[in-house]
Amino acid sequence: MESGGKVTVNTACPRDCYDGCGISVVLRDGEISRVAGNPDHPSNRGPLCGKCSAAYNGAWRDENSRLLFPMRRTGAKGGGAFERITWDEALDEVASRLQGIVDAHGAGSIHHTHYTGTCSMIAGGFPGRFFDHLGATEIDPDTVCNKAGHVAWDYVFGSSVNGFDPRTAAGSNCILVWGANPSACAPHVDRYWLRESKAKVIVIDPVRHETAANADLHLQVRPGSDAALAFAMAHVIERDGLIDRGYIRDHVLGYDDVSPAIADCTPQWGEECTGVPAADIERAARLYAEGPSVMWLGQGLQRQTGGGNIFRACTMLPAFTGNIGKPGTGAYYLNDTYGIGARRGASPRFEADDASDDADAPPQTVSQMDVPQLLQDPDTIRAYMVWNCNPLASNPAQALTRRGLSRDDLFTVVVDCFMTDTARYADIVLPAASFLEFDDLCANYFQLMIGPQVKCTEPMGEALPNQEIFRRLARKMGFTAPALFKDDQAMIDAMLEKCGAGVTWEELKENGWAYLSEEPMVLWADGDFATPSGRIEIASESARADGLPLTPRPDADQQPESGSFRLLSPADKHLMNSSHGNDAHVRTMMGDAHVAIHPEDARENGIGSGDRVTLSNSGGDISFTAQVDDIVPRGTLLTHKSRWPMWEPSGANVNLLHVPQKSDMGQSTSVHSTEVSITKP
Ligand SMILES: Nc1nc2c(c(=O)[nH]1)N[C@H]1C(S)=C(S)[C@@H](COP(=O)(O)OP(=O)(O)OC[C@H]3O[C@@H](n4cnc5c(=O)[nH]c(N)nc54)[C@H](O)[C@@H]3O)O[C@H]1N2
Ligand SMILES: Nc1nc2c(c(=O)[nH]1)N[C@H]1C(S)=C(S)[C@@H](COP(=O)(O)OP(=O)(O)OC[C@H]3O[C@@H](n4cnc5c(=O)[nH]c(N)nc54)[C@H](O)[C@@H]3O)O[C@H]1N2
Ligand code: SF4
Ligand SMILES: [Mo]
């Protein structure tokens, strides 16, 4: 859109966020003057969230914050002393170091770690082709975020990325939000989709966050006790004759296997296990079962030692009440929007046609939970290649990770837009272009909608998009497979063609977004699930073959022993994981790191609001400002994740205390099972 010297470009926010906002970038005389929300976009209908409004007009466009040139470390690891070098020098050095390791030890000792620094399809997926071709070990990205839930839902539904189309909720009477916090993590979904809905909203969460406070019913469950809660709700549903026997007969496997356990799980028993009053369990169960209802399981819910079992237990509710596959119903964890339209596997990481001339074996993977320890071993990890993530801020066992990254014999390369804590430990730092600086495609993971990421300006300094960095590195390594050099526009066009939205790139840019279909899609309407039996498998032989119980179990975690507290550290409303943590305005909005404690616990420990307190466990000690508040139940503390360690008084964030204990499925994080003591020095 053009008027006078002013041009407005429609683009999309590629952050790892449910909202998938539309952005309007205002250019004056070819220069970006403002990054704002697209007022016409159905998700955000105007302003961006506070954090992105600040950071996209702050650190992301500030030459003093961004990485501008390739750099080589000149001082001690972590010290922050670097010299500018050329791209040729940087990539020659990376290529020769990697080749040396491949020749002497095999590519498996090159480990690459990545996640969702950008979720745009090419910048988020394409570099994987390079590493797959190289034969590097992949540090399983999801194990730091959401893998337990994926594994659990794959057993039950045969997919964990086919949820519901949020537009179908227009016909719902009940929306159950379980272990998600839209008020922080999906601010526009919270403001529009949830609050404008006529459905009754139930929130199940230990924390009375803003969404919970605004809900019709908040069940303030004790952390890690949700499987017991699901069984107690199923008990009420069964007792009150709200089971959909027809749906079970046609589409569900395992009802008879779990029903004896359900019979034992009375609401009173549920109250003892979970801390939720029996009357609220009854009310929630009836409201949900009467339906039509949608259920949203958050990623926070499964970051528990029993996270997989919890996810399997929750699926009993839609399966036994038939709240799935019909308008107004559905169960959602994440939508692979692009994959729902396209055939599976059609991502820029794996392009079957292109790779066919040089098919790469599936990569060897290790869990993020094992990496802090593996980083100590010079024979296991010889090169650590970091792109789209910031392990020193976000990963468990921060002190051990830092020690590993300090190894002189470890060759570390970090590709990022900013000089993060992790980048300071790199031998070579490579500057990544931002979302404002190259074209790509975004696929929302809540709405079934795609968006265009449109180049608005030249990359800052000599920064390059991830995909171009890895094309150049592939050339330096002497690779020739055509898949490694594919052109961006060709990939965008191919994705658009496959995804079913029926738009060209030009049309998408013009409009700013496209739904996969004009009418709401009813996912799973055919009742044909991609499990071995074709049914929803509450009883799963596949799970049993993997050494897990046949069915979910009504488990609840033991409460911490006296003197110990459960520490939750979910998403911070001011940050996007650690992204934006270096923006001056965002840091002012965040203030000091706080920890919330229940008034009774505070009284017993002689703690008042504003006191400095120390949290400790085997990972170390770290201080916070206390906030006495009954938003948390007794025995539970709340802080938030991913502040930049380098800006904290102790040089560490909450992940110092994050013990890399694995969840029951997927070798994933159980960060919300962390236990600590609290003292007032
Ligand atoms: N205590 C605690 N810790 C947690 C969690 C928790 O709940 N509690 N949650 C976990 C979860 S859910 C997640 S997803 C992880 C997230 O952890 P990370 O994946 O480490 O996410 P970020 O910290 O935001 O790091 C993303 C990095 O990518 C960079 N980046 C952005 N765009 C680009 C680009 O185009 N190219 C390149 N190369 N880099 C780019 C950003 O500048 C940023 O430094 O943290 C986990 N850590
Ligand atoms: N502002 C902002 N938005 C973000 C992010 C961010 O860092 N900041 N991160 C993005 C990413 S990578 C992700 S994965 C998503 C995560 O978004 P969500 O899916 O909302 O997950 P979290 O915020 O980690 O945690 C959600 C809730 O889980 C609750 N919880 C913890 N343990 C339990 C439990 O045992 N039972 C129940 N019922 N609830 C529990 C926490 O109290 C918290 O309120 O958000 C994305 N959006
Ligand atoms: S981070 Fe989320 S809420 Fe913020 S602008 Fe991006 S998509 Fe919107
Ligand atoms: Mo995440």
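Which residues are around ligand 3? I began my notebook with this question and then turned to the domains, the other ligands and the backbone.

**Entry 1: basis of the model.** I noted that this is a predicted model, in which local features need pLDDT of at least 70 and side-chain atom pairs count only at pLDDT 80 or more, while totals for chains, interfaces and linings use all residues. Residues are numbered from 1 along each chain as its sequence is written, chains are lettered from A and ligands numbered from 1 in the order in which they are written, and side-chain values use heavy atoms, with hydrogens and water left out.

**Entry 2: ligand 3.** I listed Cys13, Arg15, Cys17, Asp19, Gly20, Cys21, Leu48, Cys49, Lys51, Cys52, Pro187 and His188 around ligand 3; a residue is near a molecule if one of its heavy atoms lies within 4 Å of it. Helices (H or I, at least four residues) and strands (E, at least two) are DSSP runs, numbered from the N terminus. I sorted the shell around ligand 3 into seven nonpolar, two polar and three charged residues. In this sorting Ala, Val, Leu, Ile, Met, Phe, Trp, Tyr, Cys and Pro count as nonpolar, Asp, Glu, Lys and Arg as charged, and the others, Gly among them, as polar.

**Entry 3: domains.** I looked up the domain assignment, which gives domain 1 (2-61), domain 2 (164-332 + 526-545) and domain 3 (565-679); such bounds come from an automatic or database assignment. The contact between domain 2 and domain 3 takes 20 residues from domain 2 and 21 residues from domain 3, where contact means heavy atoms within 4.5 Å. The C-alpha centres of these two domains lie 28 Å apart.

The size of an interface is often given as the accessible area lost when the parts come together. For domain 2 and domain 3 I recorded about 1,600 Å² buried between them, with 56% of it on carbon and sulfur atoms. Buried area is the accessible area (1.4 Å probe) that two parts lose on being put together, summed over both.

**Entry 4: across the interface.** How many salt bridges does the rule find across the interface of domain 2 and domain 3? The rule finds one, a salt bridge being a side-chain nitrogen of Lys or Arg within 4 Å of a carboxyl oxygen of Asp or Glu. I also looked up the pair Arg208 and Asp630, which forms a salt bridge with its closest N and O atoms 3.0 Å apart.

On the side of domain 2 that touches domain 3, helix H6 (182-185) and helix H14 (307-314) each supply at least two residues. The largest share, four residues, comes from H14.

**Entry 5: ligands 1 and 2.** I found 30 residues around ligand 1, the closest being Asn390, Ser394, Asp416, Ser578 and Asn655. A polar side-chain atom of Arg303 lies 3.2 Å from an oxygen atom of ligand 1. Arg303 also has a side-chain N or O atom 2.7 Å from an oxygen atom of ligand 2. Ligand 2 has 36 residues around it, and Tyr18, Asp205, Arg303, Leu575 and Asn577 come nearest.

**Entry 6: backbone.** Most residues other than glycine have a negative phi, and most peptide bonds are trans. I noted that a cis peptide bond joins Gly291 and Pro292, with omega about -5 degrees. Asp29 has a positive phi, near 50 degrees, and lies in the loop between strand S3 (22-28) and strand S4 (31-37).

Definitions and conventions:
Polar contact = N/O pair within 3.5 Å; in protein donor to acceptor, adjacent residues only side chain to side chain.
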